[in-house]
Amino acid sequence: MGSNGKSAIKERRPGREAAAGSAARSPDIPCAAHPRVLLLNAGYEALTALTARRAVVMLLCGKADVVHDNPELYVMRSATHEVRVPSVIRLREYVHIPYRAKVPMTRAALMHRDGNRCGYCGVRATTIDHVVPRSRGGEHSWENCVACCERCNRKKADKMLAELGWSLRHKLVAPQGRNWRLVSSLREFGPHWEDYLVA
Ligand SMILES: [Zn+2]
């Protein structure tokens, strides 16, 4: 274990600082320079990804505790405090989050489900197609919408798949899993996040 208490709160990314050499940074480092912090419920369920600033405020207010440090030495300073930015924190008190059985369908979420590929031909998708056209009673739902390229979208128009002899490259299902939405909104995982974000 090792008591690295003091040395840990030394510098933000010492290597990079040295490499940059010039222009001393303002002591109050902007948020964008920091990685995000995963917030867990008191029961260790992942809730959301916070900015470093919000996470530090929660720690300072005693609302949350550090679960995992970030191996990169990110430090946030104020006039009176110097706090090491962790990777994962956990609420002291449990908050009840209504469980949504179904992930709401948005354009971005649908594109993510389909990997940004056209459900008919596999090229890059730029739009959304209703498999059963809306004009024929098709629903705007996970099961009836698919990512689609312009070309297929134009060809398909108001026709049914059977009329064209087309088929889908994959089955259309609503994404499952408690963390699907959070995971799909993250650009990258921080250290240790995977332990909490398995859907
Ligand atoms: Zn296509």
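Colleague: How many bridges join strand β7 to β8?
Modeller: First, this is a predicted model, where local features need pLDDT of at least 70, side-chain atom pairs count only at pLDDT 80 or more, and totals for chains, interfaces and linings use all residues. Residues are numbered from 1 along each chain as its sequence is written. Strands (E, at least two residues) and helices (H or I, at least four) are DSSP runs numbered from the N terminus, and two strands pair if DSSP finds at least two bridges between them. Strand β7 spans residues 127–130 and runs antiparallel to β8, and the number of bridges joining them is four.

Colleague: Which residue of β8 stands opposite T127?
Modeller: Strand β8 covers residues 145–148, and both of its faces are covered: C145 and A147 are buried on one side, V146 and C148 on the other. Buried means 20 or more other C-beta atoms within 10 Å of a residue's own, exposed means 12 or fewer, and partly exposed lies in between, with C-beta atoms placed from the backbone. The residue opposite T127 is C148.

Colleague: Which residues touch the most other members of the largest nonpolar core?
Modeller: A nonpolar core is a set of buried Ala, Val, Leu, Ile, Met, Phe, Trp, Tyr and Cys residues joined through C-beta atoms within 7 Å. The largest one has 18 residues. The members that touch the most others are V37, L38, L40, A52, A55, V85 and I89.

Colleague: Which residue in β6 is the bridge partner of L40?
Modeller: Strand β6 is mostly covered, with five of its six residues buried. Three bridges join β1 to β6, and these strands run parallel. The partner of L40 is R90.

Colleague: And which residue of β6 faces V66?
Modeller: Here we turn to strand β3 (residues 64–69), which pairs with β6 in the antiparallel sense over five bridges. Opposite V66 stands I89.

Colleague: What is the phi of Y44?
Modeller: Most residues other than glycine have a negative phi. Y44 lies in the loop between β1 and β2, and it counts as exposed because it has 12 C-beta neighbours inside 10 Å. Although Y44 is not a glycine, its phi is positive, at about 75°.

Colleague: Is H192 buried, exposed or partly exposed?
Modeller: H192 lies in the segment after α7 (180–185), and its phi is near 75°, a positive value in a residue other than glycine. Because 17 other C-beta atoms lie within 10 Å, H192 is partly exposed.
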